[in-house]
Amino acid sequence: MTEALPVEELEFFLLKGDCVRFPAGFGEDRRAPGREVALTREVKLGDGWEVTQHRLPLSARGNTAAYDALEREVAAAVAVERSYGAEQYGEIFTRLVGHNLEVAEPFVLYKRPVGNPLADSLGSLGVQAQRNVIGQLVLAVRLLAAAGLVHRALTPYTVRWDGTRIQLPEPYAVIRVGDPRDAFGTGPWASPEQRTGQGTADGRDDVWAVAQLAYTLLSGRQSNGQGPPADLADYRQLGALGDGGAFAPYADNRPHPERLLQLLNVPDPLVMAPTASDPLARDRADFDTRTAAKRRTLGLGDTAQSPPDTNGQDWNGGYEYPAPRPGRLSLRDRFTTGRSRRTTAPPPQPPEPPVVPRPALCPHCRLPVSYDEGRLFARNAKKEYKPLDLTNEHRPMHRKEALRHAFQKCPHGPTGRPHYLPVPYLTNGEPLTIAMVGSSAAGKTHLLAAMLGEIEQGGLEPYGLTCLPLNPDWHREFLQESVQRLHQGDMLDPTHQEPFADFADGLLVTGHGVSRPVLFFDLAGEDLAQDNEVTRFLGEVGAFIFVLDPLRALRLPTLDPVRARVGIHQRDLGDEAFTTVLNRIPRNGRYVEAAAAVAVNKSDLVRFDPAVDHWLNRAPHTDLTAASVRAESRDAYAFVQHHGSRAWLKPFDDCARCTLHFVAATGGQERDAAFPHGVRPRRVLTPLLSIFAMHGLLPGADRGEVGA
């Protein structure tokens with residue numbers, strides 16, 4: 001530590017989110033093993049509290065991969081500290097002190113490590129010390145796996161030993177159980193699957209590392225890293241590891257950490273540990289009760305008191321659906337996506353018949369419009385609409401391309417304010433209009449731009465969906481003016497009030513063979529909070545994404561500094577835009593028929609809360625099921641109700657089909673109209689995928705019955 005360095009003030013967040021400031025003196029920067037970008041230095045806080053800091057220097061600004069890694073590390077360190085920090089065995093982990101990911105140089109602080117690298121003790125440990133090391137390593141891996149974490153960086157050079165206990169290194173390489181493996185580590189410490197990045201992370205990945213460490217500790221040399229060492233039988237203390245399969249090259253053939261503790265006769269502290277209290281238990285139970293009551297009202301039958309595993313079965317439980325209102329889809333059609341009840345693969349189906357152009361409702365004036373080649377227009381370079389005559393165009397490809405870019409003038413539009421519809425909107429399947437709903441500054445514009453940015457990068461392809469622009473020119477403009485600017489780290493301008501509703505962008509989405517136009521409306525929060533011409537089109541909107549702002553909704557004191565900085569106040573009365581919109585949408589009895597999803601946006605502000613962390617900080621999966629969506633909805637509902645008021649859950653109460661999701665459009669806070677650490681959208685497609693599932697757009701037998 002360099003004592004003569006000038007003292008500065010260091011601001012950081014403690015485990016529970018409290019912000020503290022300490023005078024701090026900083027040591028010299030160094031590169032710590034395993035950290036390719038972050039710099040490490042010793043810090044003396046206050047009157048002499050010595051900690052270790054790992055930070056991203058200014059030169060790493062814009063390196064989203066490095067920021068993501070630091071964020072994962074902090075999330076894991078918070079989870080470990082929250083779960084085991086108060087326990088005696090918590091000292092086998094490097095202890096978290098605090099963190100700050102929003103400053104110019106994001107950092108994490110830990111208590112100073114104890115002991116020396118285990119490699120320094122090779123060949124010098126007695127039999128009992130060897131047993132203690134192996135037993136404590138297995139215990140540490142067991143605790144990590146119970147927290148849903150895989151460390152991935154356990155080697156003789158990172159694990160420390162002080163003569164009494166081991167200490168694991170900081171979780172800088174951690175990955176969550178079930179997330180896709182990426183290639184990481186070297187042999188023999190990293191398992192073959194981990195080194196090649198095959199499959200999904202498993203707590204037994206760390207079991208392999210423990211087995212390799214134990215072998216090296218006893219033999220004084222490294223194995224070949226491919227399987228059980230040839231001389232394994234020569235070491236009696238490795239009998240339990242060898243007989244249990246800890247050296248198996250594939251994780252599926254290794255014992256789970258808890259089983260390995262049994263084989264080693266090491267007490268498992270989690271077996272007899274009392275069940276931790278769940279602060280959201282009452283709110284989760286309330287979700288179950290209200291969901292069951294809603295289903296009974298709709299004639300769908302009751303549900304279990306916990307998120308069900310549907311195993312490919314429908315959610316309606318054999319109950320009949322109420323009769324539809326004249327001219328509307330039945331609730332059966334709205335609640336299901338045509339999933340077959342057969343447990344075997346259905347026979348091949350004939351191809352979908354070609355779509356016959358049919359009248360479609362104009363999203364602006366809500367009147368039917370039929371395709372009419374005599375009313376075609378094209379936009380010129382000045383974005384002016386000029387008549388388009390294709391009468392003499394007989395070349396099929398040229399004609400097809402011209403129609404992709406063409407518009408049809410709505411015959412019902414007022415003379416002074418005409419509106420134009422993309423031709424594919426009128427010549428494909430039933431259009432789906434989606435409106436983004438929320439107060440001004442809730443993040444609707446950023447969320448929509450983040451969604452379409454993910455789609456542009458192929459985010460819907462794993463779900464069996466293909467997308468084309470509804471109109472290539474409009475789509476290109478939206479990408480340039482919104483998506484690209486957001487990805488460059490610029491804060492987008494707020495949506496301006498308009499005299500009538502106009503859609504921001506549109507896609508042609510193909511799922512079950514029929515292509516359907518999907519239009520996205522991003523209306524100003526001021527318009528949504530008023531009963532005016534703009535909101536009158538809402539009656540024919542097919543789905544709504546309600547964007548909830550945690551700065552307004554949640555009473556968490558940890559959000560107060562952000563609220564003060566951006567000038568937003570917490571309120572218990574809910575979102576005026578939610579209320580206005582819900583009061584305008586048609587209902588079938590008590591409930592709104594249109595599909596709905598609540599996006600708890602800016603969830604990165606509360607990303608280390610257990611309920612949020614479980615969803616927001618996990619890698620995206622393509623196994624969207626009714627059970628997984630309901631589990632996330634249950635957690636999000638409980639989280640919002642526990643920390644806010646029920647008024648913010650009005651979409652769930654009013655809509656027959658409504659899911660709730662944790663999302664982050666930008667992944668960080670803006671500073672001076674920019675996002676200094678880049679934009680890292682999180683789970684922004686999940687609300688849209690739920691909407692698609694509720695409208696039958698998602699193919700696959702395991703992606704239906706969402707939101708009932």
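This is a predicted model: local features need pLDDT of at least 70, side-chain atom pairs count only at pLDDT 80 or more; totals for chains, interfaces and linings use all residues.
Two strands count as paired when DSSP finds at least two bridges between them. Between strand β9 (residues 160-161) and β10, the antiparallel pairing rests on two bridges. Here tryptophan 161 has isoleucine 166, in β10, as its bridge partner.

Three bridges connect β14 with strand β15 (residues 385-387), and the two run antiparallel. Strand β14 is also joined, by two bridges, to strand β16 (residues 407-409), again in the antiparallel sense. Phenylalanine 377 takes part in both pairings: its bridge partner in β15 is proline 387, while in β16 it stands opposite phenylalanine 407. The hairpin of β14 and β15 has five residues between the strands. Lysine 383 is found in this loop and, although it is not a glycine, has a positive phi of about 65°. With a relative accessible area of 44%, lysine 383 is partly exposed.

Arginine 683, in the loop between β26 (658-662) and α20 (686-694), is a residue other than glycine with a positive phi, near 55°. Its relative accessible area is 18%, and because buried means under 20%, arginine 683 counts as buried. In the loop between β11 (175-176) and α3 (192-196) lies proline 188. The peptide bond that leads from glycine 187 to proline 188 is cis, with omega near 0°.

Attention can now turn to the interior. In soluble globular proteins, nonpolar side chains tend to be buried together. In this model, the largest nonpolar core holds 65 residues, of which Phe544, Phe546, Leu548 and Phe639 touch the most other members. Helix α18 (residues 626-643) supplies the largest share of this core, six residues. Leaving aside neighbours within four places in sequence, phenylalanine 544 is in contact with a series of residues that includes Ala435, Val437, Leu538, Val581, Ile585 and Ile691. The contacts of phenylalanine 544 also include the alanines at positions 594, 595, 596 and 597. A second, separate core has 45 residues, among them Leu448, Leu452, Phe520 and Val547.

Serine 482 is another buried residue, with a relative accessible area of 13%. Serine 482 belongs to helix α12 (residues 472-487) and touches Ala449 and Leu492, when residues up to four places away in sequence are not counted.

A search of the whole structure finds five cavities of 30 Å³ or more, and the largest cavity contains about 150 Å³ of space. It is lined by 18 residues, with Ala77, Val80, Phe93, Thr94 and Pro171 the closest to its centre. Helix α1 (residues 64-84) gives the most to this lining, with five residues. By type, the lining of the largest cavity comprises 11 nonpolar, four polar and three charged residues.

Key:
Residues are numbered from 1 along each chain as its sequence is written. Side-chain values use heavy atoms; hydrogens and water are left out. On a 1 Å grid over the protein atoms alone, a cavity is a set of points where a 1.4 Å probe fits but cannot get out, and a pocket is an open set with protein on both sides within 12 Å along at least five of seven lines; lining residues have an atom within 4 Å of a point. Grid points are joined across faces, edges and corners, and a volume is the space filled by probe spheres set on the points. Helices (H or I, at least four residues) and strands (E, at least two) are DSSP runs, numbered from the N terminus. Ala, Val, Leu, Ile, Met, Phe, Trp, Tyr, Cys and Pro count as nonpolar, Asp, Glu, Lys and Arg as charged, and the others, Gly among them, as polar. A nonpolar core is a set of buried Ala, Val, Leu, Ile, Met, Phe, Trp, Tyr and Cys residues joined through side-chain atoms within 4.5 Å. Buried means under 20% relative accessible area, exposed over 50%, partly exposed in between (1.4 Å probe, protein chains only). Contact means heavy atoms within 4.5 Å.
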